[in-house]
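The following paragraphs are meant to be read alongside the coordinates. They proceed from the core to the individual chains and then to the contact between them.

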Amino acid sequence: MSDPDLDRWTAAWRAGTPDAAGLAGKARRERRWLLAWIAGDWVVGLGLIGFAGWLWFADGSPTMRFAAAGIVVLVIAALAFTTLNWRGSLAGDRASAAEFLELAERRSRARLRYVRFGWWVLAADLVVIAGAHGFVYAEEGAARLPEMIAMSTAAILAAAAILWWWGRRERRRAERLAAMRRAMLADGERT
Amino acid sequence: MRDNDRELERVLSTHAAALSRLAASYESRPALREELMQDIAFALWRALPSFRREASEKTFVMRIATNRALSHLAARPPAAEGLDVAPELVDAAPRPDELTALTQIARRLQQAVHHLPLTLRQVVVLALEGLDHEEIARVLGISSGNVGVRLHRGKSILKAELGEGA
């Protein structure tokens, strides 16, 4: 079915094609970058697990073994999250735009829940760190405390900054996706 | 992997111009448009093995590209009005006195399309790329009647912007 307006505009529309050279090369570069990123995560993760193994066997004290087990649990959780996030990041691309927006908003809200969980973990860390400081004070006195408190504070502030940035970014993304979905469905029904 | 690479090369060479125009209609900032194009090409590489030819190849490609563009908009909202610039054309931004009539119309049309509300822009861009109402409905997940309504509204706004009158 011919549409005179569209027919008139189509020639002009096609005349204004921005440069699209080297698209396949860009896809290959993106793929290499992503694979390198994922490989980097695994290399760092396996390195940390190796370090935890060394802590477990080289020292052997209950405190070091507890720390080693904590490192392994955290690394496994982080690698599982990275893998799931990567696998889901392109899910829904083959769906319609309305379905895609619904899925993308759901994923964004799920990431917000991860961030909230992260704040709880950080709060739990604070309790553990305070306990560790108390333990060191009781065993060794106050000599090492200033250094330990400075390092703990830096680590906690860095983690809090990342959580705050990630939460704000994800909240904004979820709001935009929700607004797009509302606009998409505002004029009529879904098919 | 090699077959998929070859298939991607073929699909991209067939649809590169359409993908480029679609990306430009969602993102006018050149660096971010480049990023969006890269994102679309990568998503196509991931999605191609699952293409079962239930729809036309063009519909499939446009669906992936539209979804990537929506994801891009959610992560990087458009620049404030007034900062938006028209995408550069293939013929390397000639001086105003060198612009052909067609190129001038192309620029004005691109700007007008870019200023359409998102839901109308989606339909107008896909229609300008030659998809029919049914295909646009499949890409967007709305009814074909709804596509007709949005296309009519979009065209009315475009005519007003282009000074063509109703």
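A nonpolar core is here a set of buried Ala, Val, Leu, Ile, Met, Phe, Trp, Tyr and Cys residues joined through C-beta atoms within 7 Å; a residue is buried if 20 or more other C-beta atoms lie within 10 Å of its own. The model to which these terms are applied is a predicted one.

The largest nonpolar core comprises 59 residues. Those that touch the most other members are B:Leu22, B:Ala23, B:Ile40, B:Ala41, B:Leu44, B:Val124 and B:Ile136. Helix 1 of chain B, residues 2-26, supplies the largest share of this core, with nine residues.

Chain B, to which these residues belong, contains seven helices and zero strands. Read from the N terminus, its elements follow the order α-α-α-α-α-α-α. Of its 166 residues, 43% count as buried. When contacts in chain B between residues at least 6 apart in sequence are considered, 67% of them join residues at least 24 apart.

Within this chain, how do helix 5 and helix 7 cross? The axes of helix 5 (residues 118-128) and helix 7 (residues 144-161) of chain B come within 8 Å and cross at roughly 90°. An angle from 65 to 115 degrees counts as roughly perpendicular, and helix 5 and helix 7 of chain B are therefore roughly perpendicular to each other. On the side of helix 5 of chain B, the contact is made by B:Thr119, B:Leu120, B:Val123, B:Val124 and B:Ala127. Helix 7 of chain B contributes B:Val147, B:Arg150, B:Leu151, B:Arg153, B:Gly154, B:Ile157 and B:Leu158. Sorted by class, this contact of helix 5 with helix 7 of chain B has eight nonpolar, two polar and two charged residues.

Is B:Val139 buried or exposed? B:Val139 has 27 other C-beta atoms within 10 Å and is therefore buried, the threshold being 20 or more. Although B:Val139 and B:Thr66 are 73 residues apart along the chain, their C-alpha atoms are separated by 7.9 Å. Apart from residues up to four places away in sequence, B:Val139 touches B:Thr59, B:Met62, B:Arg63, B:Thr66, B:Leu126 and B:Leu131, as well as A:Ser96 and A:Ala97 of the other chain.

B:Arg29 is found in the loop between helix 1 and helix 2 (30-47) of chain B. This residue has 16 C-beta neighbours inside 10 Å and so counts as partly exposed. Between the C-alpha atoms of B:Arg29 and B:Leu128, which are 99 residues apart along the chain, the separation is 21 Å.

Chain A has five helices and zero strands, and from the N terminus its elements run α-α-α-α-α. Its radius of gyration is 25 Å, whereas a compact globule of 191 residues would have one near 16 Å. Along the principal axes, the C-alpha atoms of chain A fill a box of roughly 85 × 35 × 30 Å. Buried residues make up 15% of the 191 residues of chain A. Of the contacts in chain A between residues at least 6 apart in sequence, 63% join residues at least 24 apart.

A:Arg106, in helix 4 of chain A, illustrates a pairing across the sequence. A:Arg106 and A:Ala174 are 68 residues apart in sequence, yet 8.2 Å apart in space from C-alpha to C-alpha. A:Arg106 counts as partly exposed because it has 14 C-beta neighbours inside 10 Å.

It remains to describe how the chains meet. The contact takes 41 residues from chain A and 56 residues from chain B. On the side of chain A that touches chain B, the elements giving two or more residues are helix 1 (4-15), helix 2 (23-58), helix 4 (97-140) and helix 5 (145-186) of chain A. Helix 1 of chain A provides the largest share of that side, eight residues. By class, the residues on this side of chain A divide into 21 nonpolar, seven polar and 13 charged.

Conventions: Residues are numbered from 1 along each chain as its sequence is written. Chains are lettered from A and ligands numbered from 1 in the order in which they are written. This is a predicted model: local features need pLDDT of at least 70, side-chain atom pairs count only at pLDDT 80 or more; totals for chains, interfaces and linings use all residues. Axes are lines fitted to C-alpha atoms, for helices over the stretch in contact, and angles run from 0 to 180 degrees between N-to-C directions. Helices (H or I, at least four residues) and strands (E, at least two) are DSSP runs, numbered from the N terminus. Angles under 35 degrees count as roughly parallel, over 145 as roughly antiparallel, 65 to 115 as roughly perpendicular and the rest as oblique. Two residues are in contact if their C-beta atoms, placed from the backbone, lie within 7 Å. Ala, Val, Leu, Ile, Met, Phe, Trp, Tyr, Cys and Pro count as nonpolar, Asp, Glu, Lys and Arg as charged, and the others, Gly among them, as polar. A residue is buried if 20 or more other C-beta atoms lie within 10 Å of its own, exposed if 12 or fewer, and partly exposed in between; C-beta atoms are placed from the backbone. The radius of gyration is taken over C-alpha atoms; the globule rule is 2.2 Å times the number of residues to the power 0.38.
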